[in-house]
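Let's take a walk through a protein model together. Have a look at the picture first, and then we'll pick out a few parts.

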Amino acid sequence: MKVAATDSAVNISPVPDTWQRRHLLGLEALSKEDILTLLHTAVELKAATGGCKDKLSILSGKTVANMFFENSTRTRNSFSLAARRLGADTVEFSASSSSLSKGETLIDTAKTIEAMNVDAMVVRHSTPGSPHLLSQNVGCSILNAGDGPHEHPTQGMLDIMTIYEQRGSLEGLTVAMVGDITYSRTARSNIWGLKKLGAHVIVCGPSTLVSKAWEEFGVEVSHSLDDIIPRCDVLNLLRIQFERQYTRPFPSVREYAFLYGMNKRRMEQAKDDILIMAPGPINRGVEITPDVADGPHSVILHQVTNGIAVRMAALYLTTTANQREG
Ligand code: CP
């Protein structure tokens, strides 16, 4: 059965029978077809909302709870906007002011919010697997908004969407993720998604943050940004996640910036049409200099806008699949 979404002014394509996912927990488990469904739905919803600005009512009557146990600027606000752009109500759960401090467990907290007739829960948590655990304990859709260093599937998809918009295809492109690969959920989700769409992926950074073991996942490992730059179609510059590290992985931030920061000198070695991306938040002067972050090759703010499109698609597809199962 295909479920078509109609709005007073626009018709959104029916959710294809091949999309059977009530939850979005990571890109590792998704097929190429699932990833393309997410991508094409995001592109369609971005167009149907005038570039993520206008409102539709395809999620009218539904409620989306934002459950963030870690800080966020981009993901939290864009999920919230995505839900409201599609006509859903939102619940903004705040861990710091919740009854977690009185001893309530994560599962009891989720069940409590679900009992307020919530259709989807967007979960960010520092513990890998938390969204998976909740998906086994509640009936509503669970969308992973970042679980520790494990996965950040909507970030991976919005990065893919941004490249797709600029290049029309991922097939055959060389995409490098630079920086803190070990602790990056963004790197993992990008790797799963990019590989399935035919991109060549390079992970680049100091050996303390980029192990040779990554080659097992079919990606190229490099410890020299200068060596790989001329081959890259896309550079995705990751923040060093000091908050997840027990020891400092390099002698100084200054040394890291010298070896792995993208700057004007390195831009001169890059392809003329290179795309400069960053999941954010960016640390200016560390992984990227301000002139590059704000320069003509940067699509960092396009990534932010596409975050709304991808999150609209994820909410639409997962809640429709949940409804389909009855
Ligand atoms: N990229 C990203 O996840 O940003 P936030 O932490 O601001 O959500």
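Predicted model: local features only at pLDDT ≥ 70, side-chain atom pairs only at ≥ 80, totals over all residues.

Let's begin with strand β8, residues 200-204. On one side, five bridges tie it to strand β7 (residues 174-178), and the two run parallel. Look for Ala176, which sits opposite Ile202 in β8. To get from β7 to β8, the chain passes through helix α6 (residues 185-196), making a right-handed β-α-β crossover. Strand β8 also has a parallel partner in strand β9 (residues 220-222), with three bridges joining them. Here Val203 is the residue facing Val221 in β9.

So why is β8 largely enclosed by the rest of the structure? Because four of its five residues are buried.

In soluble globular proteins, nonpolar side chains tend to be buried together. In this model, the largest nonpolar core has 89 residues, and Leu235 and Leu315 are the ones with the most contacts inside it. Helix α11 (residues 300-324) is the top contributor, giving 11 residues. The core takes at least three residues from each of domain 1 (2-152 + 305-321) and domain 2 (153-304).

Who does Leu315 touch? Setting aside neighbours within four places in sequence, its contacts include Leu59, Val64, Phe79 and Ala82, and also Leu143. Apart from this core lies another one, made of 16 residues, among them Phe93, Leu106, Met121 and Val138.

Key. Residues numbered from 1 in each chain as written. Heavy atoms only, no water. Core = buried A, V, L, I, M, F, W, Y, C linked by side-chain atoms within 4.5 Å. Buried < 20%, exposed > 50% of the residue type's maximum accessible area, 1.4 Å probe, protein only. Domains from an automatic or database assignment. Contact = heavy atoms within 4.5 Å. Pairing = 2+ DSSP bridges. Right-handed = clockwise from strand over helix to strand, strands pointing away.
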